[in-house]
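Q: Could you walk me through this structure in plain words, a piece at a time?

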Amino acid sequence: MTSIRLKLLSKSFNNKIFAVSDVNLEINDKEFLVILGPSGSGKSSLLRLIAGLEEPTSGDVFFNSKNMKEVPPRNRDVSMVFQNFALFPNMTVFDNIAFPLVASENNKLDVNNEVKRISSLLKIEDLLERKPSELSGGEQQRVALGRAIIKQPKVFLMDEPLSNLDAALRAELRTEIKKLRDKLQVTTVYVTHDQTEAMTMADRIAIIKDGKVIQVGTPEEIYNNPTHSWIGSFIGSPPMNLIKVQADSNLLNIGSQKIDFNNSLSGSIVMGLRPENITVAKQGGKLHGTILFFEYLGDSKIITVNIEDELIKIKVFDTADLSIGDKIFIDFNVGDIRLFNANGNSMK
Amino acid sequence: MKIPYVFLIPSLFIIFLVGIGPVLQSFLLSLSEFSLFNPSMRPVGFHNYIALLTDSIFWRAIQVTLFLVIGSVLLELAAGIFLALLVTNSGSRSKRVFSSIFIIPIAIAPIVTGILWSPNSVFDDLNTLLYYGLSLGVYVDTSLPVVYYSLIMISDAYIWAPLFMLVTVAIISTIPKELYEAADVMGSSSWTKFKKITFPAIITSPIIVVTLLLRIADAFRMFEVPYAWSFWLGQDSVLGAPVDTVSVLMWKMFSSTLYDFPIAQITAMAIVLLIITLVTCSLVLKRYSNILE
Amino acid sequence: MLLVAAALWVLWPLSIMVEEGFRVDIGPLFSGRGASFIGEFFQGQGGIRFSTIEYVKALRVEAYPRLLVNSVIIAGSSVLVAALAGVPAAFTLALYNFRGKAWITYSLLALRTISPFAVLLPFFIIYGRLGLFDTYRGMAIVYLIINLPVLTLMMRGFFKDIPKEIYEAAFISGASNSYVLRKIALPLALPGLAAAAVFAFVGTWNEFFYALFLTGTVTKTVSRGVWSGFSESIESFKILEFDELNAGGTLAIIPAIILALAVQKYLARGLTLGAAK
């Protein structure tokens, strides 16, 4: 039973630039929370603060309402998996996995059995006598996972564990991690910059940018109702279209074209619309424009259309009779529109 | 957090036992007039130090020492970098062979080097070659200051250039290859590449600073080679000979029977040397961080 | 090409020394040594007679084997103690920041700046009282002055070389500092330890002053042996008997060179003294 609470957590390395800035976050027991953000957003720093590897400049970390201020990492009962695996090069796989038990002089569990059990869980039983340098990336990461779960921690921390693996391996290990998580039911905090990982694995996602957590929600919530235009464009592939519009009391103006939309706004705002929510037709639709180019995705195509000098991407499955330069109409549900003000924040 | 201070205890103990303790004791001693014929510990204040400050022989020795330190260390640094460049630009097989050869001088006792580079030794060869072999009709006169100061510095550099070579090689290995590739694409010459990439990387490396500091500290205590030279020059019983470093001076005072084993004075000299060394090192350190910022 | 020249530069004086030890015959026209090689080349005369007399003399007169044993014991034990004290300290210095850390690092550096004369008398007096004069223990202790800084500062560098995450993974797994030092840091930094040890060993081996003042007949070291050969010649003849000296010199440096060559690869990494990280 472990829940984590971060209260006004800040971390700065030189008193000028803050890696993490006034973060408030609640992580529930057994929850798989993903901290998602671009490079340099402070996500690793945040994780390390939870782990106790860094000390906060201000703010607190609570585990089950207990302040972790003076508690060093080894006493926090957490496990961590690192991006570059951090396996001990001088030890065999067996010793690597066994390390947490041996190092903490845990007499309760039989080391041999535990290592065998966990290595078969991760399908690495044949590798026990090898050294890390003899393993592939995927195998190394499995060993790192094994080392992390063997001591049955209260909290799992993972710092971009799949970033150093190639795409195919990543997908495979994503599934492994999900299976593990279902089996072990342990509170997990997972850091990544890859939105696919976040969307497929998370119970909830915390979006972090420039050291601040700007939205926390389920993958659905984040995807469908981003609180900031930036989030809309960060999540989703291809990203959300962000179109500059002029708001009127019941109209949205894009150049010379109009969309009927009841709103109580005025001025320049941004309209967000996801490519998969738009359809294309030769006749009939809310907006019209010219096809600029196609991008082939395999199962679908992305058409980029120029509408009043705004480039809009649309996901379609059939482009049989469409070619570059065609004038076409696009259509969508008004309910799929998301509005953002000049600062990027969402509005009703 | 969980800092293992206890790990530091044995080292701290040793530092006090063989370092701070004895130095303090020496300092107290230098405030007296202790000598073998007059073993009294009666304090005479800073008398010894004042006497030193007005002693021209001592100042001469300080000058000589400073001169040799600067010359030797700079030469070592330059030679080391030069050797490093040679080694890193060669093929991998010859790299191992040559770097092994280049390392040898470090293992040689300074006194042995002193013998090696003595006038009678190497220079009979060289002179013979110059005079007879190549019929140049010239020879190197080892009694000229230019010559012997240079030779002393060369001897010291002979031993320690390999140290700088190793350090420089290590530093060069951390320079990203892309920098050189970019320079190649821009059509830079080897000299430009060295000036703009290699040299700055070496000079601004903290590693070089530490090495430099250690060598400077060591060089201040230079003894064997200058001492040997005081023999070649027939000045072994002359105090304050042109080749006397402070260490040599101290030795001469200690071992000659003209004076009466003025241990207190010698100790005072040693302490002054210590202070000068530390001050120099601090200066280098400060100057360096200014350059780095 | 330059490489070869540089290599010659290094080896030439050495070869003279070795060769002189063998007492190469001197051509009549040249009073210089080693000149016979060249003289031979140009004059086509002079012969080379190899004789190992000088080496044998050196061995017997200076009781070289005894000196060798002494140097090994003293250097070895001093380096051992320096390692025992320095390695844990290096670990703390490498991984943690704390008040006074700069002082400690500076003190270690300063230790190396101490010249023998600066501490001679206290050692003399204390050793006299404690009967540590001319003993292995006494010498080993004194040499800590030069060995502790080398071992500590170099090992600090090697410990810092190990990626931070490895330490973090170890600590998070519940290991204590001692456990991490023993099971992770040391095994990974072992080559560095070898390099530091050799460096300190060679430095102690070659050291002259402390050996001169604080050893007697029992613990006389190799460096003293070379030196006394040197000064004997000077005092008795006022010229230097090069042949003997060269033989002795050669014998003196062989062990040191062998060691240095053996670890030269590791020496390069270790000599960076960890300041880069």
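The chat below goes through the chains and then some sheets and a single residue.

Q: Before we start, what kind of model is this?

A: This is a predicted model, and for chain B the pLDDT averages 74, with 67% of the residues scoring at least 70.

Q: Where in chain B is the confidence lowest, and where is it highest?

A: The lowest confidence in chain B is found in helix α6 (residues 119-133) of chain B, where the mean is 56, while the highest is found in helix α1 (residues 9-30) of chain B, at 87.

Q: OK, and how many helices and strands does chain B have?

A: Chain B has 13 helices and zero strands, and its elements, taken from the N terminus on, read α-α-α-α-α-α-α-α-α-α-α-α-α. Of the 293 residues in chain B, 46% are buried, and among its contacts between residues at least 6 apart in sequence, 69% join residues at least 24 apart.

Q: What about chain C, how many helices and strands there?

A: Chain C comes to 13 helices and zero strands. In chain C, 55% of the 277 residues count as buried, and if you take the contacts in chain C between residues at least 6 apart in sequence, 76% of them join residues at least 24 apart.

Q: How many residues does each side bring to the contact between chains A and C?

A: Chain A gives 19 residues to that contact and chain C gives 14 residues. On the side of chain A that touches chain C, β6 (78-81) and α2 (93-103) of chain A supply at least two residues each, and by class this side holds 12 nonpolar, four polar and three charged residues.

Q: Switching to the sheets of chain A, what's the strand order in the one with four strands?

A: The four strands of this open sheet follow the order β2-β1-β4-β5 (chain A), and their pairing is antiparallel. At the edges stand β2 (18-27) and β5 (66-67) of chain A, and because each has a single partner strand, one side of each is left without a neighbour in the sheet.

Q: How many bridges hold β1 and β4 of chain A together?

A: Strand β1 (residues 4-12) of chain A pairs with strand β4 (residues 58-63) of chain A over five bridges, in the antiparallel sense, and one place to look is A:Lys7, which stands opposite A:Asp60 in β4(A). Helix α1 (residues 43-51) of chain A packs on this sheet, where it touches β1, β2 and β4 of chain A, and the direction of the helix makes about 60° with that of β2(A).

Q: And what does "antiparallel" go with, in general?

A: In general, the strands of a sheet pair through backbone hydrogen bonds, and they can do so either parallel or antiparallel.

Q: So where do I find parallel strands in chain A?

A: Look at strand β3 (residues 32-36) of chain A, which runs parallel to β8(A) and is joined to β8(A) by five bridges, with A:Ile35 opposite A:Val191 in β8(A). Strand β7 (residues 155-159) of chain A also runs parallel to β8(A), again with five bridges, and here A:Phe156 has A:Thr188 in β8(A) as its bridge partner. To get from β7(A) to β8(A), the chain passes through helix α5 (residues 167-184) of chain A, which makes a right-handed β-α-β crossover.

Q: Is β8 of chain A mostly covered or mostly uncovered?

A: Strand β8 (residues 187-192) of chain A is mostly covered, since six of its six residues are buried. A:Thr187, A:Val189 and A:Val191 point one way from β8(A), whereas A:Thr188, A:Tyr190 and A:Thr192 point the other way, and all of them are buried.

Q: What about the sheet with five strands, which ones are at its edges?

A: That open sheet has the order β15-β19-β16-β17-β18 (chain A) with antiparallel pairing, and its edge strands are β15 (278-281) and β18 (310-316) of chain A, each of which pairs on one side only. From one strand to the next the twist averages 45°. Strand β17 (residues 301-307) of chain A pairs with β18(A) over seven bridges in the antiparallel sense, and A:Lys301 stands opposite A:Val316 in β18(A).

Q: Last one: where does A:Phe329 lie, and what does it touch?

A: A:Phe329 lies in strand β19 (residues 327-332) of chain A, and, leaving out residues up to four places away in sequence, A:Phe329 touches A:Ala281, A:Gln283, A:Gly284, A:Gly285 and A:His288.

Notes. Residues are numbered from 1 along each chain as its sequence is written. Chains are lettered from A and ligands numbered from 1 in the order in which they are written. This is a predicted model: local features need pLDDT of at least 70, side-chain atom pairs count only at pLDDT 80 or more; totals for chains, interfaces and linings use all residues. Two residues are in contact if their C-beta atoms, placed from the backbone, lie within 7 Å. Ala, Val, Leu, Ile, Met, Phe, Trp, Tyr, Cys and Pro count as nonpolar, Asp, Glu, Lys and Arg as charged, and the others, Gly among them, as polar. A residue is buried if 20 or more other C-beta atoms lie within 10 Å of its own, exposed if 12 or fewer, and partly exposed in between; C-beta atoms are placed from the backbone. pLDDT is the predictor's confidence in each residue, from 0 to 100. Two strands pair if DSSP finds at least two bridges between them. A crossover is right-handed if, with the strands pointing away from the viewer, the path from the first strand over the helix to the second runs clockwise. Axes are lines fitted to C-alpha atoms, for helices over the stretch in contact, and angles run from 0 to 180 degrees between N-to-C directions.
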